[in-house]
Amino acid sequence: MKASLNWLKRYVDVAEHPDTLAHDLTMFGLNVESIESLAPSYSGVVFGTVLECGKHPGADRLSLCSVDAGRGRPLSIVCGAPNVRAGQRVAVAVEGAVLAGGLRIKRSKIRGQLSEGMICSSTELGVGEDGGGILVLDFDDSPGASLDGRLGQTDYVLDIEITPNRPDLLSHLGIAREIAALYRRELRPPALAPLDGGAEFRLEIESGADCPRYTAAFVDGVAVGPSPVWMQKLLRAVGQSPINNVVDVTNFVLLELGQPIHAFDRDALAGDAIVVRRARKGERIVTLDGVERELDPSILVIADAEHAVAVAGVMGGRDAEVRPETKRLVIESAMFEPRLVRKARRQLFLDTEASYRFEREADIGVMAAAAARVCGLIAEMKAGVPDARTAEYVHDRGALESRTVALRVAQTNRVMGTQLAADDIAALLDRLSLPSRTGPDALAVSVPTFRRDLVEEVDLIEETARVYGYDNIGRDETIRCGTFSIPSPEDRRSELVAGHLVARGFAEAITSSFMDPASPGKMRWDDADERSRCVRIANPLTEAQSAMRTSLVPGLLDVLRRNTPAEAEEIRIFEIGKVFIPAPGGAGLPREDLRCTAILSRQADPLQWMQPQRECDFFDAKGEVETLFERFGLCGSVSVSETSGASGRGVRWFRGGKPFAEAFVVARPVLEAFDVEGPVYCFDILVDELPAGAQWPVMSPVSPYPAVKRDLCIVVDDRVRFYDIREAIAGEAHFLDSLRVFDYYRGGHLGEGKRSFTFRLSFRSPDGTLDGMAVDREVQRILAALHREFGAVLRTE
Amino acid sequence: MSGPADRDGVREVARSAARAFAEAGDLAALEEARVRFLGRKGEITALLRSIGELPLEERPAFGETINDLKSEIEGLFESRRSALGANGAEEDHFSGDATLPGRRATAGGTHVLRRVVSEMKAIFFGMGYSLAEGPDVELDYYNFEALNFPVDHPSRDLQDTFYVNRDILLRTQTSPVQVRYMERHRPPIRIIVPGRVYRNETPDPSHAAEFLQMEGLYVDRNVSLADLRNDIAFFARSFFGADAKVRFRPHFFPFTEPSAEVDMSCFSCGGSGCAICGRTGWIEIMGAGMVHPHVFRYAGYDPDAYTGFAFGIGIERTAMLKYGIDDIRRLLGNDLRFLGQFWSEAAPEVAR
Ligand SMILES: [Zn+2]
């Protein structure tokens, strides 16, 4: 809401500097977002007296003047204005002055005569309109005195954020009321004596629910013309272009009282009637903006005896528009059901000052007074002769009365944390024009109709707190602490994973929750993959942001493509975030899983002098998952299987039969679809599935006896997998403490179709030092078993 | 008396042997030195031979001295040989230059937003707040209706919303967790809810379509606006520094009343006014207020029995203030060079 300071001063005294006022209003809950100064922008203009004024020798229409502008000697100035006369007090733009339009004044020759300045008109100074002549000043000063900032009315415009609960502040009177409360000053509302009802006019309201109140006032002998300068100035200040006296007065009252007013050309109303009804199906209207619109019964209209002449509360129609030749008016001051106005406004895409206010609920008490205010102004500016009577409809007269709302003193203090007495509270509310009767424990507060936001006790508590001053509450700064907390292991799980990966050299990324709906296709997930279906946004910002992500992989590949400089070497990026899997059947909320996903690419370690740099590979990714699992105590409950999905080959880990992690090399077609250079390795873990805190490690005895180590090097067929051999050894061996594979070799001198593994087996007993011979026999037994199961033989060099 | 046979001469041999062994840079040089002292024609042998020049009664004592010397030199030799190591060269732990850079691991780090959230959590945990969470894809009921945003009311225009369908939307605030949590717990409740929220706004330097928020909620008997002010003031001092001050401006949120926007004294100018704070000396950091009785009713609490406060902090905005970040879009840009600036524990020193 743009508010003119001059306009506000019509209703309340404001001596404060606009900056101070803005600060004080902001702290009072009226957030002033900007202050604009409307001071005229000329400079270098001084007071002068026309000493002589004669004809210009070379031009009939020009005068040659001698002007005292305090320069020691009179200046010679050529002037083209017809009204310049000797003896006038004028505004002189001397050399170097800059006028409103940016014109810089220089000495110059005009038709052969030297002109050392300019005698200014109001237009040239930007302080008003003129009738084609110079501005003749009506005050005295010494010649040469600066006039900068002194001509024209200075105004300031405050742009104030008005929250939806305060429609009463969408008016200058409403804001003035707050200023009066803030500074404890007297409010001077305009004279608002309503006219008497009972005019002879056909006013029909179809539904009192749709239109609780309608006041129609009447004006005859209308003379459409310009509105007075003072009104134009105020309207212009807040960004409204003056149109004519009738339209301007409706806009003025809208911005003064907050009540939208509409003026109809009474002679254009068929049957001399106003009917407020729902539109008929397919009914059409051409609105004031010249657009023909189709209506339906969900839209409330103002009609005459035949057809719609306005969309109620939104915009008038062209048929009954006020024209220059209009002679008679019907002035509408009404209230419409907010939701109906909102619906029509949205359906027709028509945002207007009127709809904005009706949607936030009009003040049902002000309609008749606002109509009277319009009539009074029309009479005052001689724009017409208002009828002394109005036609009035009120659905429920009780709604015009002040409401009484009870306010408990104890509850007020309980919410605010104060110790106010009933009288203190009453005094605070009184400043907001909220009178009350005080009892010992409670107040009965009388709420006028313009405060439609004050409905229940808590609304009054807020007003009490606001006037008392939020910053006067809780000054002791003591912390009340009746609760204790410790983050649960589940709470800490994602922090632990993040901390672990960071220590492992991963950089954390945070990408968008949105996903391009094309991504599942680019990832080559098949229909059976739950990631291929996503939650779709009905009103997305862009098509590429129209789905909720089902995986973090596409986002990370995007990070790799867009944000990793070509010279970056070790790429290790992870993200922990939610993915959204649609509910079965698509109804209801999706499942939200917390996943930790990482990509690895390019070099495995930094470029350093002591070792050759190595490209990262699949086992870097897999090893990170295994290390992380170890950190979370996972080993026995996890099984692993090879995968060869279209998006990449690798392994998948299962827990309780449920897949919960995978590591894979991203398939080449996927990389191409995401325009990423490969190879790229990836791992992806369902964080929710990592065990957290339910069980903690319990000490088990550590064997004091030394381990006995044996290396075992076997050759098997090239299709035998490490995982199976390991399972076989673990199943066979006694006292096996650890098994590590430290050499792996395929083909070459082993011959085609063969591979070899070298294991370091470590044996340890809790009961005593193992006998070397016994361990050797154990190894032989293992070897025999491996031979049986896999045809394994010892490798002999 | 002078000559090799005196005791000073024996000490001199020991010293020169020690010197020679130490100077031997490899096994060959050491062997050379060994031969010089312990060889058949070496200095020990020469000393033993000189025994004949001594009077008879001094010979046994001198012989003993020479034997001691011999075992001392043998000891020196052994220790030097083992020092030279298996490959025979002197063990060099530094490749000859200890100023070479050490072996480094790839550097990683958390995202600056996680850092901010973690710092905030730590502060609120210390104040007795626990962690709670809720879904990003949320029911209209929890995001709006139960938070006292009536259907078809202009208050819904305050937040541009992404919809999935008529009933399901992307939460525009973390506040829906208030009702979800209250439905399942009894007071006292003191929680924080960090999470991502969504607004259908075209991104610009200070607005993003998705951002993080941290909700706070405290419900108990007689929780007051004064308690809210004090908690927020304590948080601001803990997070931004001991000089940070807060002020409360009355505002409107449908789900709190009284409601406030909270400003913090400008960290840059300290309150005198600068470009960062728009010359006001204050910067808005959160919205807050007392839980509206309607919200309590939706959650099944008796508004006469309990009061409470709630607040919502914008994480990105706070991160931008604390770390001087000029454009919110950088925080989702994932430029590693940008993110890497916030990995160190303190402001990095400027490398010479
Ligand atoms: Zn500042």
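1. The contact (heavy atoms within 4.5 Å) takes 100 residues from chain B and 88 residues from chain A. This is a predicted model, in which local features need pLDDT of at least 70 and side-chain atom pairs count only at pLDDT 80 or more, while totals for chains, interfaces and linings use all residues. Residues are numbered from 1 along each chain as its sequence is written, chains are lettered from A and ligands numbered from 1 in the order in which they are written, and side-chain values use heavy atoms, with hydrogens and water left out.

2. Between them, chain B and chain A bury about 7,500 Å², 53% of it on carbon and sulfur atoms; buried area here is the accessible area (1.4 Å probe) that two parts lose on being put together, summed over both. On the chain B side, B:Thr106, B:Arg114 and B:Pro250 lose the most area to chain A, together 9% of what that side buries.

3. The rule finds 6 salt bridges across this interface, each being a side-chain nitrogen of Lys or Arg within 4 Å of a carboxyl oxygen of Asp or Glu. B:Arg114 forms a salt bridge with A:Glu495, with the closest N and O atoms 3.4 Å apart. Helix α8 of chain B (residues 225-240) supplies the largest share of the side of chain B that touches chain A, namely 9 residues; helices (H or I, at least four residues) and strands (E, at least two) are DSSP runs, numbered from the N terminus.

4. Beyond its neighbours within four places in sequence, A:Leu25 is in contact with residues including A:Leu30, A:Leu158 and A:Ile179.

5. Strand β34 of chain A (residues 680-686) is largely enclosed by the rest of the structure, because 7 of its 7 residues are buried, that is, under 20% relative accessible area, against over 50% for exposed and partly exposed in between (1.4 Å probe, protein chains only). Both faces are covered, with A:Val680, A:Cys682, A:Asp684 and A:Leu686 buried on one side and A:Tyr681, A:Phe683 and A:Ile685 buried on the other.

6. Strand β30(A) (residues 591-602) runs antiparallel to β34(A) and is joined to it by 7 bridges, whereas 5 bridges join the antiparallel β33(A) (residues 658-666) to β34(A); two strands pair if DSSP finds at least two bridges between them. A:Phe683 is the bridge partner of A:Ala598 and also of A:Ala663.
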